[in-house]
Amino acid sequence: MRHASGRGPRSFDPVAVGHHETDAWAAYYLHEWPAFLRGAYGMVATGFGLGRIDTARAAWCVLRANQLWAPFPDNDADGAREQMRRFYALVADRGDLSIDPVRASILEVEWWRVHRAHQHHEDVTRDRLVAALVDLYAYVYGADRVRVEPAASYRVDAMDLSDRWVVGGCDRSDPVLAAERRALVASHSALLDAVSRVGDPTP
């Protein structure tokens with residue numbers, strides 16, 4: 001499918017996506033939901049190249065999923081998965097990714113679960129979190145697992161920095177937030193490299 005914006009899941013701007021995701025993560029922990037929605041809209045628009053109406057619908061699903069997931073320890077994981085199923089259904093219907101929205105939503109919320117466990121339990125290792133992201137990326141983008149692993153690793157770096165930022169008081173002037181932004185840009189740059197080469201022989 002041709003995307004009117006020239007952007008899509010294999011041709012996105014990794015710097016823009018990384019900046020939007022940083023803004024969304026910060027807003028999530030501050031429970032600033034309008035700001036989160038703006039960040040989610042930017043991520044969807046730049047990362048998937050949907051039209052404006054579908055981008056708004058998809059961003060709303062991301063918002064609702066995160067609101068349902070946010071309470072700790074009693075959140076609504078089933079509700080979060082259903083919202084992400086709706087998100088991935090929009091992506092599948094309007095984009096060029098051949099995915100089952102149910103499976104994609106399960107893999108998406110699974111890395112959320114592993115990250116939360118990693119935050120609170122030392123025995124949940126970084127490697128488990130990287131593996132959960134690799135599962136998601138490899139499935140959604142149809143990409144080689146080895147090629148998407150650097151993107152997953154950088155994103156876990158960003159999560160660790162985000163966790164430090166939260167523990168430090170969620171100060172937007174904290175340089176840890178800037179480091180998180182750089183890690184997310186690196187993650188999406190590595191992801192773009194991997195997904196733009198789908199179909200190429202594995203080195």
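Analyst: Tyr 29 is partly exposed at a relative accessible area of 26%, where buried means under 20%, exposed over 50% and partly exposed in between, with a 1.4 Å probe and protein chains only. Tyr 28 has 10% relative accessibility, so this residue counts as buried.

This is a predicted model: local features need pLDDT of at least 70, side-chain atom pairs count only at pLDDT 80 or more, and totals for chains, interfaces and linings use all residues. Residues are numbered from 1 along each chain as its sequence is written, and side-chain values use heavy atoms, leaving out hydrogens and water.

One aromatic cluster is made up of Tyr 28, Tyr 29, Trp 33 and Phe 36. In the whole structure there are nine aromatic pairs (ring centres of Phe, Tyr or the six-membered ring of Trp within 6.5 Å; planes under 30 degrees apart are stacked, over 60 edge-to-face, the rest tilted). Tyr 28 and Tyr 29 are edge-to-face because their planes stand at 90°, with ring centres 4.9 Å apart. Another edge-to-face pair is Phe 48 with Phe 87, at 5.7 Å between centres and 80° between planes. This second pair joins distant parts of the chain, 39 residues apart: Phe 48 belongs to helix H2 and Phe 87 to helix H4 (a helix is a DSSP run of H or I, at least four residues). Phe 48 and Phe 87 are both buried.

Other buried residues of H4 include Gln 83, Met 84, Tyr 88 and Leu 90. The buried residues of H4 pack against helices H2 (33-48), H3 (52-69), H5 (101-120) and H6 (126-141), with contact meaning heavy atoms within 4.5 Å.

Methods: Helix = DSSP H or I, 4+ residues; strand = E, 2+ residues; numbered from the N terminus.
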